[in-house]
Structures are given as structure tokens and as C-alpha cells.
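Me: I want the terms behind this model tied to their cut-offs. Go through them one by one, please.

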Amino acid sequence: MRDDSRNWKVVECEVNISGSEVTLERVRPSRQTLVSGVAALTHFEDTLGTAVGWPEAAQGSSYAVALRRDRVLLVNGPALDCGWHDHPELAVTDMTGGYTVFDLCGADALQVVKRGTAINPDLPSRSAARIFGGLGVILYHISNQERFRFHVGSAYVPAFVQTVQSYMGKLE
């Protein structure tokens, strides 16, 4: 398996936007690892707990996020060598520079989320992969009801920030 992790440079931007009752701020996890394979959803349960989907909230500083039945994103999870692992048949890719992470928080955060995606907190989904404002993102709760975490492809950060600002402006 080809290692493309060096192709993504970590985006060095600072974003902290406040408006109305919502704030968008940049978050910097130390490691993001994409793991694919039949056992991906269950392999890390002992160390990171059950992978979160929607609307579960990720707890603590290390956790797994379910993207599909055979793919998870480990946030601050164990250090793994990139490539194919014969046992337990998992493909591992370092995505630390591939995704830029943002928290959207505040009393109106859910309203911004609803403007950008067809999502309902009352309808659970095993996957945290979503389309937000036309962009593919990973979206889930973090810690509490008023904080949502987005993992955005680093190349799409300017479009994501502009989209969130637009939705925030419509709240006022």
C-alpha cells in the first residue's frame, strides 16, 4: 500500500470566529489515523471504546469515529505504522495533515449545523460522515450538546470557513 501521508501538509491557519451565540474555533489533535478493514469498527473498542456516530458524543481526548461499517477515524489514538497490517487485516493511513479540525460551539451551534446539513439529533446514524454546505465532512458531538466537531479535508478549509460564516450571519 502506498504511503501518501507526506503529501498532506498540516494547514497552519488560526480560525476563531464568534457571532451571535456560536463560535467556530480550530482544534489541533495530535494524531488522526484512518483505519479501514472488516474489523475496523471493533478492533479498537478495548482501548478507545465504541466508535461514535451520530448523535453520540465523543468523550475524552482519545476516541474512534465511525465512518462506515469498515472504516474508522482514530483521534489521538495509538501510534500505528501506515500501510497494510496482515493481522487483523487493516489498512492504516495517517490523516493528521489530511483533515483540519474545528469545533462549533454555543447555544446556536445546532442551528448552524442544521443550515448546512440534513441532520436530526433524534435520528441516530452509525456514521459520522456527512455533507455540510456541499462539502464532505466528519461531524459529531464532542462532550456536550452545544459542541460539534468537524474534520474537514484540509484543501477545503477556506470554503468550509466561508460557509460557516455565511450560516452564522443568517442567525443574526
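Reply: Start with pairing: two strands pair if DSSP finds at least two bridges between them. Strands are DSSP runs of E, at least two residues long, and helices are runs of H or I, at least four, numbered from the N terminus. This is a predicted model, where local features need pLDDT of at least 70, side-chain atom pairs count only at pLDDT 80 or more, and totals for chains, interfaces and linings use all residues. Residues are numbered from 1 along each chain as its sequence is written, and side-chain values use heavy atoms, with hydrogens and water left out.

Me: What makes β5 and β7 the edge strands?

Reply: The open sheet has 5 strands in the order β5-β6-β3-β8-β7, with antiparallel pairing. β5 (63-68) and β7 (83-85) each pair on one side only. Neighbouring strands here are turned by 25 degrees against each other on average, direction ignored.

Me: How do you know that β3 and β8 pair?

Reply: At least two bridges are required. β3 (residues 32-36) and β8 (residues 90-94) are joined by 4, running antiparallel. Ser36 stands opposite Ala91 in β8.

Me: Which strands does β9 pair with?

Reply: β2 (residues 22-27) pairs with β9 over 5 bridges, in the antiparallel sense. There, Arg26 faces Phe102. β12 (residues 144-153) is joined to β9 by 7 bridges, also antiparallel. There, Val101 stands opposite His151.

Me: Why is β9 called mostly covered?

Reply: Buried means under 20% relative accessible area; exposed is over 50%, partly exposed in between (1.4 Å probe, protein chains only). In β9 (residues 99-105), 7 of 7 residues are buried. Tyr99, Val101, Asp103 and Cys105 point one way, Thr100, Phe102 and Leu104 the other.

Me: What makes the buried residues of α3 lie on the same side?

Reply: Ala109, Val112, Val113 and Gly116 are the buried ones in question. They cover an arc of only 100 degrees around the axis, so they sit on the same side of α3. The arc is taken from the directions from the helix axis to the C-beta atoms. Their cover includes β2, β9, β12 and α4.

Me: How is the packing of α3 and α4 described?

Reply: Axes are lines fitted to C-alpha atoms over the stretch in contact, and angles run from 0 to 180 degrees between N-to-C directions. For α3 (residues 109-116) and α4 (residues 157-169), the angle is about 115 degrees, with the axes 9 Å apart.

Me: Which residues meet there?

Reply: Contact means heavy atoms within 4.5 Å. Val112, Arg115 and Gly116 in α3 meet Val164, Tyr167 and Met168 in α4.
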